[in-house]
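Colleague: I would like to learn how to read a model of this kind, one feature at a time. Could you take me through it?

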Amino acid sequence: MNYRYNLMGSRSILRAAFFTVALFFFSSPVASGPDQTGVNTQEAIQIVTSANSRSALPMSQEEATQLFLGYRNRLNDGTLVTLIDLPVGSTRNHFYQRLTNKNPVQVRATWSRLVFSGRVRPPIEAGSAKEALEWLANMPNAIGYLPASIQDQRLKVLLVVPND
C-alpha cells in the first residue's frame, strides 16, 4: 500500500515538474509595437482559412477561443481543422490576449496540460507570418491568424479580432 502511495506521489511530482519546465521553456516577454515580422501588434488580427475551404463559415469569438485554446479541434459543421500559429512574439501574444483574454503564460499552461494528457495536438508553428500565409492559402482545413494589414485573395476571413 505504501508503494502505491509513493508511486502516485512521484507522478504528481513529475507532472508538476513537467508543467514548470514547459512554462519556463515556452515563456517569452510580452511586448507591443512592431515584432520580428515588422508587423505592428496594436492593429486588429484576422482569423483566416484558405479561400478554397468549402466548410469554413464565419465563426464566433467563442468558437475561435475554443479552437485556439485546444478545447475543440472541429468546426461547428464537424470539419477537423489544423491550427497554424505565428512564431513566439508580440503578434502572437497580442492575438491570444485579445481573443482569449489570457496572457502568454496562461495560454502555454493550457496547451501544455492538454498536450500532456494526450487529448490534442498543439498548433503548427510557422517560422514567419509569410510562411503562415502560404500554409493557410494551400491547406484547405487549416485555420490561423494574421494581422489585418496582411491581405491575400487566397484567404477567407472567418473573424476579425478587434484591437479594443
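This is a predicted model: local features need pLDDT of at least 70, side-chain atom pairs count only at pLDDT 80 or more; totals for chains, interfaces and linings use all residues.

Colleague: How many helices and strands does the chain have?

Modeller: Helices (H or I, at least four residues) and strands (E, at least two) are DSSP runs, numbered from the N terminus. In this chain there are five helices and five strands, and along the sequence they follow the pattern α-β-α-β-α-α-β-α-β-β.

Colleague: What share of the chain's residues is buried?

Modeller: A residue is buried when its relative accessible area is under 20%, exposed when over 50%, and partly exposed in between (1.4 Å probe, protein chains only). Of the 164 residues in the chain, 41% are buried.

Colleague: Which residues of helix 2 are buried, and what do they pack against?

Modeller: In helix 2, residues 61-68, the buried ones are Glu 63, Ala 64, Thr 65, Leu 67 and Phe 68. Contact means heavy atoms within 4.5 Å, and the buried residues of helix 2 pack against strand 1, strand 2 (82-85), helix 3 (90-100), helix 4 (104-117), strand 4 (142-147) and strand 5 (155-161). Just after helix 2, Gly 70 takes a positive phi of about 80°.

Colleague: Where is Gln 46 found, and what does its side chain reach?

Modeller: Gln 46 belongs to strand 1, residues 45-50, and counts as buried because its relative accessible area is 4%. A polar contact is a pair of N or O atoms within 3.5 Å; within protein, one must be able to donate a hydrogen and the other to accept it, and residues adjacent in sequence count only if both atoms are side-chain atoms. Here the side chain of Gln 46 reaches the backbone oxygen of Ile 150 at 2.6 Å. Leaving aside neighbours within four places in sequence, the residues in contact with Gln 46 include Tyr 145, Pro 147 and Leu 159.

Colleague: Is Asp 85 buried or exposed, and which side chain does its own side chain contact?

Modeller: Asp 85, in strand 2, is buried, with a relative accessible area of 4%. Its side chain makes a polar contact with the side chain of Tyr 96 at 3.1 Å. Not counting residues up to four places away in sequence, Asp 85 touches several residues, among them Arg 92, Pro 123 and Tyr 145.

Colleague: Where do Met 139 and Asn 101 lie?

Modeller: Met 139 lies in the loop between helix 5 (129-138) and strand 4, and counts as partly exposed because its relative accessibility is 28%. Met 139 touches Ser 50 and Thr 82, residues up to four places away in sequence not being counted. Asn 101 is in the loop between helix 3 and helix 4 and counts as exposed because its relative accessibility is 61%. Phi of Asn 101 is near 60°, a positive value in a residue other than glycine.

Colleague: Which residues lie nearest the centre of the second largest pocket?

Modeller: On a 1 Å grid over the protein atoms alone, a pocket is an open set of points where a 1.4 Å probe fits, with protein on both sides within 12 Å along at least five of seven lines, and lining residues have an atom within 4 Å of a point. The second largest pocket is lined by 15 residues, of which Asn 73, Val 81, Thr 82, Leu 83 and Arg 121 lie nearest its centre.

Conventions
Residues are numbered from 1 along each chain as its sequence is written. Side-chain values use heavy atoms; hydrogens and water are left out.
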